[in-house]
Amino acid sequence: AIVPNIHVRLEMKHPDHWKEFITSVCRMYDFAHYPEEFAGPLVWTLEGDLVGGSADFVQKVCMEKFGIKDPPSVTDPLFKQIAADNLKQVKLQLLRDQDGAPLAEQCDAAHAKAQAAGLLCPTVFSAQRQLVVNGASLEVWCSPSLPKQVEECCKAYGDGQPICVDPSLQVCKVGQEESHLALLHPMPLVDKHLALVPARFAKEVTARQLAEEAAAAAAAAAAAAPAAEAAGGAVAEQEGAPAADSSAPAEQPAA
């Protein structure tokens, strides 16, 4: 580098926010007032000393302080390209502030957190093959445990039973009006396997609520046990009752 050990901090602002920003900076450091049409950039030191605009920066810093000969002109197309790139970054940051990080970035963060917490049980595949069927290339992953996993899932949740998942598996809310939740699948077939769950079917519960629901379910099961035993005893007594003697004479109808 031409000037090693020199650090520069950039404060990039959208044109819609520039006027408010430049006013606050001038007020904070007691700089000379700049007109509203001043397009920047504005340069100052960490100590709060004003350098000025781009032409002042080239003259005072580049040439006088560091002795850089023939620095690029402020009208050089390079600076226009830099300004365009900076504006693009500012717009992306505004979108990020408004909508949050991109889905891929949120998925990476949630996946790393879930892996560190031991919440994921990835499927182990015994073989991966590539086949060509009717001219189309297909990738086939084989695992002897898949049929058993499918059977267990169908048995546990095939009738629409609810499932309790760790909140750390949630990636983000997606869809129009955040209608769905993107969750990391607790038994992923591939890395970062996602499940899309309608938000109307999901609710957040606390540890206390889970404990109360478990206690209520246990109490209901305990209350149902004596009734089941009594019903079983009644059936057994009915089955053990003596049968009527078929050889006894039938009663004669009255005359």
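Biologist: Which two strands form a hairpin here, and how many residues lie between them?

Modeller: This is a predicted model, and in it E5 and E6 form the hairpin, with five residues between them.

Biologist: How many bridges join strand E5 to strand E6, and do they run parallel or antiparallel?

Modeller: Strand E5, residues 170-174, is joined by four bridges to strand E6, residues 180-184, and the two run antiparallel.

Biologist: How many aromatic pairs does the count come to?

Modeller: Rings are taken as a pair if their centres lie within 6.5 Å, and by this rule the count comes to five aromatic pairs. One of them is formed by Trp-18 and Phe-21, and this pair is tilted, with 5.8 Å centre to centre and 45° between the planes. Both residues lie in helix H1, residues 15-29, where they are three residues apart, about one turn of the helix.

Biologist: Are Trp-18 and Phe-21 buried or exposed?

Modeller: Trp-18 is buried, and Phe-21 is buried as well. Another pair, formed by Phe-125 and Trp-141, is edge-to-face, with 5.0 Å centre to centre and 75° between the planes. This pair links distant parts of the chain, since Phe-125 sits in the loop between helix H4 (103-116) and strand E3 (127-133), while Trp-141 belongs to strand E4 (residues 136-142), 16 residues apart.

Biologist: Why does Trp-141 count as partly exposed?

Modeller: Buried means under 20% relative accessible area and exposed means over 50%, so Trp-141, with a relative accessible area of 33%, is partly exposed.

Biologist: Which residues do ring pairs link into a cluster?

Modeller: The cluster consists of Tyr-29, Phe-31 and Trp-44, which are linked by ring pairs.

Biologist: What share of the chain counts as buried?

Modeller: Of the 255 residues of the chain, 15% count as buried. The chain exposes about 20100 Å², and carbon and sulfur atoms supply 57% of that area. As for contacts between residues at least 6 apart in sequence, 30% of them join residues at least 24 apart.

Technical notes: Residues are numbered from 1 along each chain as its sequence is written. This is a predicted model: local features need pLDDT of at least 70, side-chain atom pairs count only at pLDDT 80 or more; totals for chains, interfaces and linings use all residues. Side-chain values use heavy atoms; hydrogens and water are left out. Two strands pair if DSSP finds at least two bridges between them. Rings of Phe, Tyr and Trp (its six-membered ring) pair if their centres lie within 6.5 Å; planes under 30 degrees apart count as stacked, over 60 as edge-to-face and the rest as tilted. Buried means under 20% relative accessible area, exposed over 50%, partly exposed in between (1.4 Å probe, protein chains only). Contact means heavy atoms within 4.5 Å. Accessible areas come from the Shrake-Rupley method with a 1.4 Å probe; for residues, only the protein chains shown count as cover.
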